[in-house]
Amino acid sequence: MCGGGQGRDCGRRTPPGAAPEARRRRFPTTLLLLCAYLAYLLLGSAAFWAMEGPVERDTALRLLHQKWQLLDNHTCLDGEALERLAKRIIQAYKNGLILKGNASLGRWDFVGSFFFSVSAVTTIGYGNLSPSTVVAQVFCIFFALFGIPLNLVLLNRIGQLMLSVVQQCACHLGEKFHWQKGAAVLTRTCALVGGLLLFLLLPPLLFTAIEGWTYEEGFYYSFITLSTIGFGDYVIGMNPDRTYPVWYKNVVSLWILFGMAWLALIINLCISLLENYSELCQCCKRKGRVVEQELMNGNQNVSLGLEDEQSCSVKATKPVGPD
């Protein structure tokens, strides 16, 4: 027997077969999402194959032509020795060594090592620079093992700080102009536009001036870096023909840290919007099934109450902070 406030809870008690039924409904959605994910990967694979495949074949043919032309013009050269030299040059380049004339330019100075540490703990991993000794490789494992969680915690704190600043500005403007909703939209728009300018649109100008890249290449490097994809095709401070300021890599390291926190906020916001929209749709569907079942049972007075509507809308629009 239910009494008082327990009546509503007993009336909404989950039937015995509800949990298996919910799992059965969730399985087709997960399967559909998996199929869409695989289709998206296949579409991207086909696009990259069509765009980059012919260029790669042309580059390989030109490289082979230059190799045989060099061997024909210099008959004293040995083909196998030339290939061994090319492999050693590639390995030296991966270890941070660049040959220029009769001199060698290394990248394992303190500034370069600091930038490598940043790329390791942020999981960007450009691949242009890697430790070659066993001791350094083992140290890199433990350094990344503890550094990556520390970096995630720091990014989370920085993201929360950014979010709290935006929320405080929204509250201050809302109290001053007595327009809470408009103040919230205005501050979030300003934060989004300011982040785009500071972390994605203005840094390419710096890379254009110092690296000699085009603006499109600088923008491409900015997004690939902040999203931690890190292909390594564009990396700062790699041109041996240029002289870089001492502060350059340190400033870029700070830009990476705060830019990753900002981009993580944007990605988490998009994820929360998608998840909350899905929860809102599921909530409305559940209420619709309840109403339909009650009508089939002959209850003509059933309706979706204001309290239920507010619970659905509040749950679906609740802001989610950075993970």
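Helices (H or I, at least four residues) and strands (E, at least two) are DSSP runs, numbered from the N terminus. The model shown is predicted: local features need pLDDT of at least 70 and side-chain atom pairs count only at pLDDT 80 or more, whereas totals for chains, interfaces and linings use all residues. Residues are numbered from 1 along each chain as its sequence is written, and side-chain values use heavy atoms, with hydrogens and water left out.

Figure 1. From the N terminus on, the elements follow the order α-α-α-β-β-α-α-α-α-α-α-α. Of the 323 residues in the chain, 23% are buried (buried means under 20% relative accessible area, exposed over 50%, partly exposed in between, with a 1.4 Å probe and protein chains only). Among contacts (heavy atoms within 4.5 Å) with a separation of 6 or more, 59% join residues 24 or more positions apart.

**Figure 2. The confidence of the prediction is given by pLDDT, the predictor's confidence in each residue, from 0 to 100.** The chain averages a pLDDT of 76, and 71% of the residues score at least 70. Over residues 1-12 the pLDDT is below 50, and this stretch has 3 contacts in the model beyond near neighbours in sequence. The pLDDT is also below 50 over residues 304-311, a stretch with 5 such contacts. Where pLDDT is low, the predicted coordinates should not be read in detail.

**Figure 3. Helix 4 (residues 110-121) and helix 5 (residues 134-177) cross at roughly 65°, and their axes come within 8 Å.** Axes are lines fitted to C-alpha atoms, for helices over the stretch in contact, and angles run from 0 to 180 degrees between N-to-C directions. Helix 4 contributes Phe116, Ser117, Ala120 and Val121 to the contact, and helix 5 contributes Cys140, Phe143, Gly147, Ile148 and Asn151. These residues divide into 6 nonpolar, 3 polar and no charged (Ala, Val, Leu, Ile, Met, Phe, Trp, Tyr, Cys and Pro count as nonpolar, Asp, Glu, Lys and Arg as charged, and the others, Gly among them, as polar).

**Figure 4. Threonine 123 lies in the loop between helix 4 and helix 5.** Its phi is near 60°, a positive value in a residue other than glycine. Most residues other than glycine have a negative phi. Threonine 123 is partly exposed, with a relative accessible area of 42%. Serine 227, 104 residues away in sequence, is 9.8 Å from threonine 123 in space, C-alpha to C-alpha. Serine 227 belongs to the loop between helix 8 (215-226) and helix 9 (248-296).

**Figure 5. Histidine 178 occupies the loop between helix 5 and helix 6 (180-201).** Histidine 178 has a phi near 55°, again positive in a residue other than glycine. With 72% relative accessibility, histidine 178 counts as exposed.

**Figure 6. Tyrosine 234 is placed in the loop between helix 8 and helix 9.** Its relative accessible area of 25% makes tyrosine 234 partly exposed. Not counting residues up to four places away in sequence, tyrosine 234 touches Tyr126, Trp213, Glu217, Tyr220 and Tyr221. The C-alpha atoms of tyrosine 234 and serine 222, 12 residues apart along the chain, are separated by 9.6 Å.
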